[in-house]
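Here are my notes on the model you asked me to look over. I have kept them as numbered points so that you can check each one against the coordinates.

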Amino acid sequence: MLRRLSTLQARLMLLVMLAGLPAPVLILYTGIEQREHARVQAQEKCLRLAGELSAEVEKMITATQQLLAAVAHFPALERLDPKACEDLFQSLMEINPFFTVLAAVDPAGNVSCASRTTTEPVNIADREYFRKAKETRDFTVSDFHVGRVSGQPSINFAYPVLDERDQIRFILIAALDVTWFVKQAAEAQAPPGGGITVIDRRGTVLGRWPNPDTWVGKDASEAEIVKIVLAQSEGVTQALSLDGVSRLYGFTPLGRYMNAGYVYVGVPVDVAFESSNRLLVRNLLALGIATALVLIGARVYGHLFVIRGVRRLLGATEKIARGDLAARTGIKPEEGEIGQLAAAFDAMAESLQKRESERDNSERALRRSVQTIEAVLKASPVPVCALDSQGLVDMWNTAAERVFDWKEEGIVGRPLPLLHDQETDQGRQLWSRILTGESLEGEEITWRKEDGSKLTISISTAPLWGARGEVMGIVAILLNITERKAAEEQLRQNAVRAQLLAEISEAFARTGLNYGPLLKYVARRATDLLGAFCVIHVLSDDKAQLNPVATYHRDPSTRLHLRELLSPVRLSSDKDALGEVVNSGRGMLAPIISREFLRDLAPRLYDDFLEHFSVRSLLIAPLRAEEQVIGTLTMVRDKPGIPFNGEDQALLQYIADRAAVAIANARLFETVRRLNAELERRVAERTAQLQLANKELEAFSYSVSHDLRAPLRAIDGFSRLLLERGQDSVDAQARDYLFRVRASTQRMGRLIDDLLQLSRLTRNEMSIGPVDLSAMVREIADELSLANPERDVELTVEDGLHAQGDQRLLRVALENLLANAWKFTSGKPTARIEFGAMEQDGQVVYCVRDNGAGFDMAYVEKLFGAFQRLHSATDFPGTGIGLAIVQRVIHRHGGRVWAEGVEAQGSAFYFTLPRGAQS
């Protein structure tokens with residue numbers, strides 16, 4: 001079967017079938033769409049019909065509610081006359097034959113009167129709809145049940161009737177015959193093959209069309225469609241009906257009364273899809289006939305125009321495969337694509353004939369090239385070898401013989417010993433990678449020669465691939481990089497040492513007064529880099545002994561033992577290693593040490609210390625600072641074969657010198673700290689004395705103020721009494737003298753007040769905060785206007801001028817500046833005073849300007865001095881303290897104040913507040 005499908009004719013037929021594949025897919029898709037459309041239409045029709053039936057039920061329920069509401073006001077019910085009530089109900093039953101019974105029930109559930117008489121009393125207090133009507137006092141609809149009065153299946157309606165006290169007098173009951181639902185379902189005209197079903201809220205069938213007698217009154221709550229209806233209330237679905245038939249449904253509640261029940265309308269799925277299924281079958285049948293005709297035509301056309309030419313082409317191909325390169329197809333190029341393919345095939349056959357002869361020539365040239373390459377590799381100064389596909393050495397050049405001491409005749413035909421003899425995982429992995437054809441580039445291995453020396457070899461390989469992708473051989477370049485690796489190791493050690501020096505230098509830079517932790521860090525880092533253990537000694541203050549301050553050994557337990565054994569070293573006339581280093585200031589290098597040499601070098605330490613530790617190489621570096629030795633740094637190596645050298649000594653001496661500088665700086669810092677502490681103590685004493693002097697000065701100021709005020713008040717008071725009581729006995733000249741005395745005493749009082757204010761400005765602590773200068777100037781100007789209502793002053797204040805400062809002090813300064821401007825413009829008919837700000841050199845400058853008396857700039861230096869006046873007291877009264885107060889306030893804020901003026905034209909006073917910031 002598979003062989004038949006692999007023929008060209010079968011593939012052409014399959015291609016035609018694939019080309020026609022979209023047609024059945026489209027037909028199937030269209031059929032599915034039509035089925036879905038039919039589904040939607042059927043369900044919408046069912047839902048619409050269910051809605052119409054629901055509306056009819058809602059009309060009937062509404063009409064019943066209105067009927068019961070009207071009947072409640074009939075006189076027969078007002079009196080609850082049984083006979084009249086029964087007659088009334090029977091007449092209503094004749095008008096509304098779909099009711100099985102009409103009745104009035106008292107609040108206890110007893111039937112008071114009904115359209116049907118009963119021999120036994122009837123009580124319906126246990127009915128759910130009755131209890132709900134009593135609780136809600138509203139119109140209520142019941143579920144399906146059999147009436148106790150009528151004895152027939154019905155749906156009951158309850159309507160409570162209330163008295164004037166809003167209490168239930170009785171409840172009107174109307175029982176609707178369930179056959180009414182059957183009648184409505186029958187009149188609704190269900191779709192062909194469909195059905196209409198009405199159920200109550202518990203799933204009991206109230207009406208069914210067709211076959212009402214079979215289902216009315218039956219419990220259908222377990223049916224699939226009923227479960228869906230009770231769960232969703234309204235919608236569309238596909239489910240099994242009561243009779244087990246799959247239908248498309250539309251369902252909705254019975255009007256707005258959800259507890260009245262539900263109605264659902266269904267149509268069988270087969271009926272709904274009948275038209276779309278018929279159309280789908282017809283389309284598929286037509287497509288099958290058309291497809292069969294197309295396949296027959298394709299078979300005939302393919303044989304005539306494709307298959308015949310291909311077979312001739314295949315015959316020529318088989319001849320060429322057997323070695324007959326002269327075979328040709330004989331098809332003309334004009335015969336379409338097959339002819340063009342045949343022409344190309346014939347051209348290919350001709351080309352193969354030519355290449356056959358050229359290949360023979362190329363093989364001869366290739367053999368000459370291989371011989372040339374082998375000669376070049378043999379003469380290469382770089383060790384090169386060639387391996388076959390099994391990893392055996394094919395070629396071993398002269399450079400490789402010289403580096404590895406293996407002659408070519410002794411290694412050819414053997415695995416490469418550099419890798420094959422390796423017992424390490426690295427060697428085995430490299431050997432496996434090479435044999436699988438992986439290219440290596442600079443892979444490093446270590447090889448030990450027969451004389452015991454080690455070589456570090458860098459291996460780079462390239463595979464030689466065969467025609468089928470197999471590894472035919474390997475070319476390997478073997479570089480001896482032993483010297484380069486040694487140089488790299490030396491560079492690495494230098495980098496590590498440079499890093500150590502940088503870390504130690506950084507640690508030195510962070511050293512404070514306590515240099516003990518630093519020396520412990522230095523001992524540890526020096527041991528990590530240079531030796532087995534390290535000991536640092538520092539000279540005592542009397543320079544009589546060396547105290548061990550830092551020790552470090554690689555082994556923690558040995559480190560503790562080392563600290564226990566070390567003790568201070570006394571410096572005496574006896575010579576030992578540490579003493580010689582301290583006295584000479586030169587380091588000591590002992591590359592290789594014997595125990596006898598060690599006994600002579602440190603006799604006092606030998607018995608207690610050197611018995612427990614192996615010392616094979618020794619370095620001692622002096623700690624030198626400012627041309628003085630302040631200690632020693634000792635480094636020991638305890639293993640043979642790695643002696644200290646001059647480079648190690650230079651590195652250790654550098655570390656020792658840096659440590660000595662750090663120690664010296666720490667000691668110097670301690671000295672400076674003690675001097676600073678002494679200075680701070682003296683400053684504190686002077687400050688306390690100054691504060692005491694200020695307090696004494698303040699007490700003196702208040703004392704002077706009190707002592708001066710008392711006689712001044714007495715002089716002023718007696719002068720006033722003389723003026724008041726001696727008007728007749730005191731002549732005019734005496735009165736003038738008394739007026740002058742009073743004016744002088746009052747001026748002296750104001751002068752004392754200004755002096756006290758000036759002294760308080762330097763003593764009170766400032767409270768810096770935001771200050772609205774514009775608002776403050778306006779407040780001061782208002783106070784001046786109230787004090788001098790007769791003045792005509794034109795005041796201009798720039799808005800939005802803010803600063804940071806002491807609000808109380810700045811108000812004192814502005815009060816004095818504005819009072820001066822107010823005073824010195826008193827001689828002007830229209831006085832102008834301005835307050836504003838400007839920016840100079842990036843700083844805000846505030847200004848109070850007036851058009852008053854002004855002043856001579858030659859005397860501007862005296863302007864801000866206490867008691868300095870540039871105008872006479874008779875022209876402009878005052879004490880001469882105001883501007884001195886202004887200057888004191890501005891200076892306390894860190895600012896400066898200056899003035900400019902022209903006589904008789906006005907003046908301007910400027911000040912800055914560096915602590916302030918314009919908002």
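**Notes on the model**

1. Arg 137 sits in the loop between α6 and β3 (helices are DSSP runs of H or I with at least four residues, strands are runs of E with at least two, and both are numbered from the N terminus). Arg 137 is not a glycine, yet its phi is positive, at about 55°.

2. A word on the ground rules. This is a predicted model, in which local features need pLDDT of at least 70 and side-chain atom pairs count only at pLDDT 80 or more, while totals for chains, interfaces and linings use all residues. Residues are numbered from 1 along each chain as its sequence is written, and side-chain values use heavy atoms, with hydrogens and water left out.

3. With 42% relative accessibility, Asp 166 counts as partly exposed.

4. For the overall picture, the protein has 27 helices and 28 strands. Of its 919 residues, 40% are buried. The accessible surface comes to about 51800 Å², and carbon and sulfur atoms account for 54% of that (areas come from the Shrake-Rupley method with a 1.4 Å probe; for residues, only the protein chains shown count as cover). Among contacts between residues at least 6 apart in sequence, 57% join residues at least 24 apart (contact means heavy atoms within 4.5 Å).

5. In what order do the five strands of the open sheet run? The order is β2-β1-β5-β4-β3, with antiparallel pairing (two strands pair if DSSP finds at least two bridges between them). β2 (111-114) and β3 (140-146) stand at the edges with a single partner strand each, so one side of each has no neighbour in the sheet. On average, neighbouring strands here are turned by 25° against each other, direction ignored (axes are lines fitted to C-alpha atoms, for helices over the stretch in contact, and angles run from 0 to 180 degrees between N-to-C directions).

6. Within β4, Ser 154 is the bridge partner of His 145. Two helices pack on this sheet. Helix α5 (residues 82-95) touches β1 (99-105), β2 and β5 (168-177), and its direction makes about 150° with that of β1. Helix α6 (residues 128-136) touches β1, β3, β4 and β5, with its direction at about 165° to that of β3.

7. How many disulfides does a search of the whole structure find? There is one (a disulfide is a pair of cysteine sulfur atoms within 2.5 Å). It joins Cys 85 to Cys 113, with an S to S distance of 1.9 Å. Cys 85 lies in helix α5 and Cys 113 in strand β2, so the pair ties together parts that are 28 residues apart in sequence. The torsion about the S-S bond is about 50°, so this disulfide is right-handed. Both cysteines are buried.

8. The largest nonpolar core has 48 residues, and those with the most contacts inside it include Leu 77, Phe 89, Ile 155 and Phe 181 (such a core is a set of buried Ala, Val, Leu, Ile, Met, Phe, Trp, Tyr and Cys residues joined through side-chain atoms within 4.5 Å). Helix α3 (residues 22-71) gives the most to this core, with 11 residues. Leaving aside neighbours within four places in sequence, Ile 155 has contacts that include Val 141, Phe 144, Leu 176, Phe 181 and Leu 206.

9. Apart from that core lies another, of 41 residues, among them Val 797, Tyr 846, Val 848 and Val 889. Val 889 is also one of the buried residues of helix α27 (residues 882-892), along with others including Leu 883, Ile 885 and Ile 890. Just after α27, Gly 894 takes a positive phi of about 85°.

Technical notes: Buried < 20%, exposed > 50% of the residue type's maximum accessible area, 1.4 Å probe, protein only.
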